[in-house]
Amino acid sequence: MKLSKIVIASCLVLTGFGASAQKAARDAKMDAYINKLMAKMTLDEKIGQLNLPSIGFDVTGPILSQGVEGKIEKGMVGGVFNTYTPNAVRKLQELAIKKTRLKIPLLFGYDVIHGHRTIFPIPLGLSASWDMPLIQKTARAAADEATADGLNWVFSPMVDIARDPRWGRVAEGGGEDTWLGSQIARAMVKGYQGEKNDLRREDAVLACVKHFALYGAAEAGRDYNTVDMSMRKMTETYLPAYKAAVDAGVATVMSSFNEINGVPAAANHWLLTDLLRNQWGFKGMVATDYTAIMELKNHGMGDDAQVAKLALVAGNDMDMVSDLFIGELKKLVQAKKLDVKYIDLACRRVLESKYKLGLFDDPYRNISEDRAKNNIMNAEKLALAKEAAEKSMVLLKNDNNTLPLQAGKKIAFVGPMVKNQRDLIGNWSGAGDWKKATSFWDALQAQYPSNKFTYAKGANILDDQALIDKLNPHDAQIVLDSKSPADMIKEAVEKAKDADVVVAMLGEAFGMSGEAASRSDIGLPVNQQNLLKALRETGKPIVLVLMNGRPLTLQWEHDNTAAILETWFPGTKAGDAIADVLFGKYNPSGKLSMTFPRSVGQIPIYYNAKNTGRPVSDQKYTSKYLDIPNTPLYPFGHGLSYTTFGYSDIKLSKNTIRNGERLQASITLSNTGKYDGEETVQLYIRDMVGSVTRPVKELKGFRKLFLKAGESKTVTFNLSTDDLKFYDINMKYTTEPGDFKLFIGTSSADVKEADFKLL
Ligand code: BGC
């Protein structure tokens with residue numbers, strides 16, 4: 001017994017040693033290669049490597065993107081973004097390889113956010129699946145398509161924790177929770193870069209974790225706005241998700257637009273060097289966000305030369321679109337205002353990224369039309385898109401088992417989303433083609449060719465032309481119906497009156513969330529609310545099917561409909577997935593990763609709040625509102641199923657625990673309803689006494705379980721004392737002895753409870 005233990009231990013040591021020796025040898029080889037290359041480079045050529053212009057598409061107008069081909073030939077470009085397809089990429093790469101003196105290949109980046117050509121649900125939707133293997137698979141599939149299209153770098157994952165649904169970019173992230181967000185960050189990096197981080201694989205890309213840092217905490221939910229935050233809050237809540245990506249080996253980081261406590265992220269040496277590189281040990285490359293260096297002038301950080309120097313010295317390696325590194329750095333060196341070592345360092349990191357991708361051996365990375373034809377939008381990817389869409393949907397309410405629908409019934413499908421195609425793939429759908437997405441109506445007709453379904457549009461997505469004009473102008477235009485709003489409602493009401501049940505499919509246009517899409521009112525557009533109110537008058541049961549990129553305020557809708565299904569923007573297979581869920585071919589299993597407030601006045605609202613000195617009660621002088629409850633409409637972790645689940649009481653393996661020990665917490669979950677279904681069992685803790693105040697709940701684990709109707713299963717969580725650690729009064733990450741509560745349940749607001757003590 002003893003002997004075998006020793007043998008195993010020494011094997012492990014040898015393997016560990018072998019792996020690190022191999023890595024050291026690989027690094028030495030890379031260093032030697034890059035040293036040799038850099039010895040040949042002029043200062044101009046080195047600065048050229050730091051330049052990252054956009055090709056073809058420019059949000060700030062055409063000026064900045066002009067003449068990129070010419071710059072590539074002159075060695076003034078290290079990488080480009082917004083170009084894809086094998087041909088287009090090959091053409092540009094040939095310029096770098098054939099026309100430049102040192103033949104240094106280019107990086108090809110792109111915003112591959114939730115799929116490349118096959119579009120998966122928006123990230124907020126994907127996060128509601130709480131399914132890490134699935135999320136990893138979507139990133140893997142995206143990397144496979146992106147590389148087949150010539151790309152080698154994706155600007156994802158976006159892991160900005162966000163607690164303000166007014167911010168449109170909540171659509172791009174994994175919601176409000178640090179622990180869940182960190183799991184997602186890891187899964188996505190592994191998906192993009194491959195399980196073993198072998199970036200030389202032809203189907204691996206450099207991932208880019210963004211937006212570093214705290215972009216999701218923009219004041220008042222207004223995009224690009226100021227962030228001012230205590231060191232404690234950023235360390236506990238906002239930074240861990242980026243750190244998780246770094247620990248998973250993410251190859252690149254994007255610095256963010258926002259300032260942090262007075263210093264813009266793009267000029268923030270503490271953030272990009274002291275924290276990211278020195279404390280976290282990040283070894284890869286940092287690129288700025290779009291024109292972020294130029295924007296430092298608006299932040300009030302200086303003129304062109306000053307901001308270029310600030311950004312480089314802070315720790316950015318590539319300048320996205322500003323053209324200020326190529327414009328200013330050489331002059332700064334010549335004027336002895338900038339130490340050339342900063343340029344050398346940044347250039348080395350860019351070259352290392354290219355080396356890791358194997359670009360110096362094969363700048364084209366086997367891109368071929370054949371690979372694109374076989375790998376892009378193939379049957380496997382489309383099946384994954386459908387699975388992901390189904391798993392991301394969240395059943396918010398379902399009175400009297402109104403859902404699933406019965407196909408034999410007379411059903412009126414009403415609303416601007418029923419036949420909609422344009423919005424299905426959501427924002428930041430990169431190279432996705434919305435014309436290839438299946439509309440709900442088409443899927444329905446294909447699945448139920450003989451039916452008693454009727455349709456009326458009922459409302460435009462928006463009637464407010466001023467707002468329509470402000471949405472993303474790139475082919476997002478909402479075309480107003482030729483019928484008047486009143487006539488549209490009238491027609492819908494007639495159809496509703498004749499039906500057994502009404503399905504109202506409402507929501508946001510895709511451009512109403514995402515970048516530069518903050519909203520102060522996060523309700524459904526007023527004209528759609530008017531439609532819903534008119535439908536309510538018919539007295540027919542209403543199923544509300546939502547498509548949107550953020551938590552909405554839905555109090556009236558909650559009070560006046562029988563069922564609500566949140567579908568987010570489900571992606572390429574939207575129509576089939578929604579039909580499968582509505583008619584019960586797939587039993588919904590999604591859980592919210594972000595709280596739905598009752599009203600905008602509650603924002604920021606999140607489950608892991610502090611207790612305060614006057615926790616809410618019936619007493620007057622407690623922490624609450626006069627006009628609404630403190631509780632949200634739908635809490636974090638909420639999501640129903642067509643079946644019902646029963647939770648037993650919690651069983652703990654012991655009631656006291658010492659540091660280094662483990663605690664088992666079990667419950668028995670029973671499927672008490674009529675349908676087979678999947679449940680996400682969530683575990684939270686609360687540290688009752690600390691040297692600093694602790695949240696009332698913190699997610700520390702979850703388990704997804706599939707149970708047949710009538711089946712029961714016991715779930716055991718194996719908690720370690722590491723799960724009880726937090727940043728103490730001295731910002732030391734540690735445990736403190738004392739009482740804890742442990743909760744297990746179906747959402748953050750519906751849990752069983754047990755107590756234990758850390759000795
Ligand atoms: C966004 C980034 C994106 C970049 C490049 C910026 O406006 O903030 O998320 O990666 O543009 O398109």
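**Entry 1: the ligand shell**

I started with the ligand and sorted its shell by class: 7 residues are nonpolar, 1 is polar and 5 are charged. The model I am reading is predicted, so I keep that in mind throughout these notes. In total, 13 residues surround the ligand. I wrote down the closest ones, which are Asp-111, Arg-169, Lys-210, His-211 and Asp-289.

Next I looked at polar side-chain atoms facing oxygen atoms of the ligand. For Asp-111 I found a distance of 2.4 Å to a ligand oxygen. Lys-210 places a polar side-chain atom 2.8 Å from an oxygen atom of the ligand. For Glu-515 the corresponding distance is 2.9 Å. How much of the ligand does the protein bury? I noted 96% of the 310 Å² that the ligand exposes when taken alone.

**Entry 2: cis peptide bonds**

I then turned to the backbone and looked up cis peptide bonds. One joins Phe-212 and Ala-213, with omega at about 5°. Where does Ala-213 sit? I found Ala-213 in the loop that runs between β5 (208-212) and α8 (231-238).

Another cis bond leads from Leu-403 to Pro-404, and its omega is near 0°. Pro-404 has its place in the loop between β11 (394-398) and β12 (411-414).

**Entry 3: positive phi**

Thr-85 is one of them, with phi near 90°. I traced Thr-85 to the loop between β2 (79-81) and α4 (86-99).

I located Asn-197 in the loop between α7 (178-193) and β5. With a relative accessible area of 29%, Asn-197 is partly exposed.

**Entry 4: cysteines**

How many disulfides are there? I count 0 disulfides. Cys-208 is in none, and the nearest cysteine sulfur, which belongs to Cys-347, is 19 Å away. I checked this from the other end too: the cysteine sulfur closest to that of Cys-347 is in Cys-208, and 19 Å is too far for a bond. The reasoning rests on the cut-off, because a disulfide needs two cysteine sulfur atoms within 2.5 Å.

I also looked up the exposure of both residues. Cys-208 is buried, with a relative accessible area of 0%. Cys-347 is buried as well, and its relative accessible area is likewise 0%.

**Entry 5: the whole protein**

I finished by stepping back to the overall fold. I listed 22 helices and 27 strands in the protein. Of its 759 residues, 59% count as buried.

Key: Residues are numbered from 1 along each chain as its sequence is written. This is a predicted model: local features need pLDDT of at least 70, side-chain atom pairs count only at pLDDT 80 or more; totals for chains, interfaces and linings use all residues. Side-chain values use heavy atoms; hydrogens and water are left out. Buried means under 20% relative accessible area, exposed over 50%, partly exposed in between (1.4 Å probe, protein chains only). A residue is near a molecule or strand if one of its heavy atoms lies within 4 Å of it. A polar contact is a pair of N or O atoms within 3.5 Å; within protein, one must be able to donate a hydrogen and the other to accept it, and residues adjacent in sequence count only if both atoms are side-chain atoms. Accessible areas come from the Shrake-Rupley method with a 1.4 Å probe; for residues, only the protein chains shown count as cover. Ala, Val, Leu, Ile, Met, Phe, Trp, Tyr, Cys and Pro count as nonpolar, Asp, Glu, Lys and Arg as charged, and the others, Gly among them, as polar. Helices (H or I, at least four residues) and strands (E, at least two) are DSSP runs, numbered from the N terminus.
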